[in-house]
Amino acid sequence: MNFDTVIELISKTDTEATSDIYGNPVYTPKKRKVYAEKKAVRQSEFFQAAAVGFKPEIVLEVNSFEYRNEEECYLEGQLFRIYRAYPVKRTERTELYLTALVGDNNVLA
């Protein structure tokens, strides 16, 4: 296992929400750095994700105790949404499946 990639996991919680002038919640993101291993997106994952409107970009593997159900992450200066997290059987690792974000929208290219 080669955890040589540093990522920033981003969490948003309701306790930190404030409101804008229209009453919409505005969250202050919390960032934490963790180490991960980049993996290739499997062909089966690519087609399953595409069927529900996602374009899988990258799979990251992290230690399970470090992942706290964050929804987004920064990898190499780019913002990604974590659309699925899957615990790897018989290990203490979790695979994070990422799709690129442009603005606030999931973009299919």
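Me: In which strand does Ala-85 lie?
Reply: This is a predicted model, in which local features need pLDDT of at least 70 and side-chain atom pairs count only at pLDDT 80 or more, while totals for chains, interfaces and linings use all residues. Residues are numbered from 1 along each chain as its sequence is written, and side-chain values use heavy atoms, without hydrogens and water. Strands (E, at least two residues) and helices (H or I, at least four) are DSSP runs, numbered from the N terminus. By this numbering, Ala-85 belongs to strand S7.

Me: What is the relative accessibility of Ala-85?
Reply: A residue is buried under 20% relative accessible area, exposed over 50%, and partly exposed in between (1.4 Å probe, protein chains only). Ala-85 counts as partly exposed, because its relative accessibility is 34%.

Me: Which residues is Ala-85 in contact with, leaving aside its neighbours within four places in sequence?
Reply: Contact means that heavy atoms lie within 4.5 Å. With the neighbours within four places in sequence left aside, the partners of Ala-85 are Tyr-67, Thr-94, Glu-95 and Leu-96.

Me: Is Thr-94 buried or exposed?
Reply: Thr-94 is placed in strand S8. Its relative accessibility is 8%, so Thr-94 counts as buried.

Me: With which side chain does the side chain of Thr-94 make a polar contact?
Reply: A polar contact is a pair of N or O atoms within 3.5 Å; within protein, one must be able to donate a hydrogen and the other to accept it, and residues adjacent in sequence count only if both atoms are side-chain atoms. Leaving aside neighbours within four places in sequence, Thr-94 is in contact with several residues, among them Leu-60, Ala-85 and Val-88. Its polar contact, at 2.8 Å, is made with the side chain of Ser-64.

Me: What distance separates the C-alpha atoms of Val-88 and Glu-61?
Reply: Val-88 is found in the loop between strand S7 (78-87) and strand S8 (93-102). Not counting residues up to four places away in sequence, Val-88 touches Glu-61, Arg-93, Thr-94 and Glu-95. Val-88 and Glu-61 are 27 residues apart along the chain, and the separation of their C-alpha atoms is 8.9 Å.

Me: Which residues form the aromatic pair, and what is the angle between the planes?
Reply: Rings of Phe, Tyr and Trp (its six-membered ring) pair if their centres lie within 6.5 Å; planes under 30 degrees apart count as stacked, over 60 as edge-to-face and the rest as tilted. A search of the whole structure gives 1 aromatic pair. The rings of Tyr-83 and Tyr-97 form this tilted pair, with 6.3 Å from centre to centre and an angle between the planes of 55°.

Me: How many residues apart in sequence are the parts that Tyr-83 and Tyr-97 tie together?
Reply: Both Tyr-83 and Tyr-97 are buried. Tyr-83 lies in strand S7 and Tyr-97 in strand S8, so the parts tied together by the pair have a separation in sequence of 14 residues.

Me: How many salt bridges does the count come to?
Reply: A salt bridge is a side-chain nitrogen of Lys or Arg within 4 Å of a carboxyl oxygen of Asp or Glu. The count by this rule is 7.

Me: How many residues apart in sequence are the parts tied together by Arg-32 and Glu-70?
Reply: The side chains of Arg-32 and Glu-70 form a salt bridge, with 2.7 Å from N to O. Arg-32 lies in strand S4 (residues 30-39) and Glu-70 in the loop between strand S5 (56-63) and strand S6 (72-75), so the pair ties together parts whose separation in sequence is 38 residues.

Me: How far apart are the closest N and O atoms of Glu-76 and Lys-38?
Reply: Glu-76 counts as exposed, because its relative accessibility is 63%. Lys-38, at 37%, counts as partly exposed. In the salt bridge between Glu-76 and Lys-38, the distance between the closest N and O atoms is 2.6 Å.

Me: Which residues do salt bridges that share partners join into one network?
Reply: The side chains of Arg-93 and Glu-61 meet in a salt bridge of 3.8 Å, N to O. This pair links distant parts of the chain, with Arg-93 in strand S8 and Glu-61 in strand S5, 32 residues apart. Through shared partners, salt bridges form one network of Lys-39, Glu-61, Arg-93 and Glu-95.
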